[in-house]
Amino acid sequence: MKKWLIPLIVIGLIVFAVFKWGVGINNEIIEQEGLAKAQWANVESSYQRRADLIPNIVATVKGYADHEKETLEAVIKARAEATKPEINIGEGAITPENMAQFQQAQEGLSGALSRLLVSVERYPELKADRSFLELQSQLEGTENRINVERNKFNKLAGAYNIFIAKFPTSFIANFIDKDALALFKSAPGSENATKVEF
């Protein structure tokens, strides 16, 4: 066997090992990003569930509280605004800017709903209405589901962000143009939010 063949084989094995390592890291990045983006779809689904409940709540309240027209219109408008921002889970879509816009729209809807539910206090017949109580219960369950899904998303996206920031994975992540995913953050002042009692 010729002497030049051994170094060539060693170099070939090193190149193959580095290539295999890079492919493994690439696949892990794609898998972790995919899990986070699938969880994002669950977050959106929970928000959509809330948006779907609102027309029924508005219709029920409208039947009892005709002179709450302004409050009802605010809820309808906020619902329309909340369903506008769409974060496409394609490349680079879950950015801090897109997340802030999405959260702002959802907070607007939450505020309008809170004002509506506070105004319901003036209508004892409505508070006792079986349909309204059922819708209120579904809304509360949906709000809890939203929180759970957001927390799961933050956990997966946070793990992905840490993974692509670590050395030497960061080289592969930069090479294949993978950025960190934005996380849900609490709204400024939310630590002082007033609790709505029914």
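Which residue forms a salt bridge with R50, and how far apart are the closest N and O atoms? The partner is E143, and the closest N and O atoms are 3.0 Å apart. The close-ups below start from that pair and come from a predicted model in which local features need pLDDT of at least 70, side-chain atom pairs count only at pLDDT 80 or more, and totals for chains, interfaces and linings use all residues. Residues are numbered from 1 along each chain as its sequence is written, and side-chain values use heavy atoms, with hydrogens and water left out.

View 1. A salt bridge here is a side-chain nitrogen of Lys or Arg within 4 Å of a carboxyl oxygen of Asp or Glu. E143 belongs to helix α5 and R50 to helix α1, so the pair ties together parts that are 93 residues apart in sequence. Helices (H or I, at least four residues) and strands (E, at least two) are DSSP runs, numbered from the N terminus. E143 has 29% relative accessibility and therefore counts as partly exposed, while R50, at 1%, counts as buried. Those words follow relative accessible area with a 1.4 Å probe and protein chains only: buried is under 20%, exposed is over 50%, and partly exposed lies in between.

**View 2. The salt-bridge network around E33.** The structure holds 3 salt bridges. Those that share partners join E33, K37 and K178 into one network. K37 pairs with E33, with 3.3 Å between the closest N and O atoms. These two are 4 residues apart in helix α1, so about one helical turn separates them. E33 also meets K178 in a salt bridge, at 2.8 Å from N to O. That pair links distant parts of the chain, because E33 sits in helix α1 and K178 in the segment after α6, 145 residues apart. K37 and E33 are both buried, and K178 is buried as well.

**View 3. The two nonpolar cores.** A nonpolar core is a set of buried Ala, Val, Leu, Ile, Met, Phe, Trp, Tyr and Cys residues joined through side-chain atoms within 4.5 Å. The largest one has 22 residues, and those with the most contacts inside it are I29, W40, I94, M99, F153 and F184. Two or more residues come from each of α1 (5-64), α3 (96-119), α5 (130-165) and α6 (169-175). A second, separate core has 21 residues, including A65, A82, Y123 and L135.

**View 4. Helix α3 and its cover.** At 1.5 Å a residue, the 24 residues of α3 should span 34 Å, which agrees with the 34 Å between its end C-alpha atoms. The expected span is 1.5 Å times one less than the number of residues. Among the buried residues of α3 are M99, F102, Q103, L109 and S119. Their cover includes α1, α2 (69-82) and α5, judged by contact, meaning heavy atoms within 4.5 Å.

View 5. I6, V10, I14, V18 and W21 form a nonpolar patch on the surface, with about 470 Å² of accessible area together. Nonpolar patches join Val, Leu, Ile, Met, Phe, Trp and Tyr side chains within 5 Å, from residues with over 30% relative accessible area and no salt bridge. Areas come from the Shrake-Rupley method with a 1.4 Å probe. V10 lies in helix α1 and, at 43% relative accessibility, counts as partly exposed. K155 is found in helix α5 and counts as exposed at 67%.

Methods. Patches are made of residues with over 30% relative accessible area and no salt bridge: like charges are joined within 9 Å, nonpolar side chains (Val, Leu, Ile, Met, Phe, Trp, Tyr) within 5 Å.
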